[in-house]
Amino acid sequence: MTTPDSARPGHPPGTAPRLPVPRIRRARPEDAEELSRLDAAVWSPLHSVQPEPLPPYAPFFDSAHRPADYLVAEDPGGTRIAGYIRLVPPTALPCNAHVRQIQGLAVADWARRRGLARVLLRAACDEARRQGATRITLRVLGHNTPARALYASEGFAVEGVLPGEFRLRGVAVDDVCMGRRLDGPEPV
């Protein structure tokens, strides 16, 4: 019998044990229904500017949101999707082709606090490099402190703030633009 990670010395109190290393792969068209359910299940005004999704849900994939734009993390048995990250060019302009932008990151409730968002973020950086990008950016809501801390720990820096860009539930929320280089040393 093995000792759970949460009982091992050095495991942070209050966090779930680490998942075995998830399998990261590109999304497939047949993932659409499961990804749509995941998106609806994790929706929160902490990270979304979209209205809360209600059934019947819109299709997850469409002409602007292709399976090729998503990396998914599966549980080690490959039986369910634990999370996804969307990585796309920010514009169609040739002068912007060296940049990739993260436009969505979600982790299932059962897989949270186990390092999966970090794994997906690193996978997106690796994929962006593979695509020839030298820079990666994202936007995050100003009040999403956990996400901002994760991004900062992975080398992303605040590059701009749009104060009060959104009104969510009657409250003004900043839109924070973050980015990092991909062709320099990895963050420590």
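Trainee: Which side chain makes a polar contact of 2.6 Å with the side chain of Glu74?

Mentor: Let's say first that this is a predicted model, where local features need pLDDT of at least 70, side-chain atom pairs count only at pLDDT 80 or more, and totals for chains, interfaces and linings use all residues. Residues are numbered from 1 along each chain as its sequence is written, and side-chain values use heavy atoms, with hydrogens and water left out. A polar contact is a pair of N or O atoms within 3.5 Å; within protein, one must be able to donate a hydrogen and the other to accept it, and residues adjacent in sequence count only if both atoms are side-chain atoms. At 2.6 Å, the partner of the Glu74 side chain is Arg23.

Trainee: And what is the distance of the polar contact that joins the side chains of Glu74 and Arg25?

Mentor: Contact means heavy atoms within 4.5 Å. Not counting residues up to four places away in sequence, Glu74 touches several residues, including Arg23, Arg25, Arg28 and Arg80. For the side chains of Glu74 and Arg25, the polar contact is 2.8 Å.

Trainee: Does Glu74 count as buried or exposed?

Mentor: Glu74 sits in strand E2, residues 70-74 (strands are DSSP runs of E, at least two residues, numbered from the N terminus). Buried means under 20% relative accessible area, exposed over 50%, partly exposed in between, with a 1.4 Å probe and protein chains only. Glu74 has 5% relative accessibility, so Glu74 counts as buried.

Trainee: What percentage of the 188 residues of the protein chain count as buried?

Mentor: The protein chain has three helices (DSSP runs of H or I, at least four residues) and seven strands. Of its 188 residues, the buried share is 37%.
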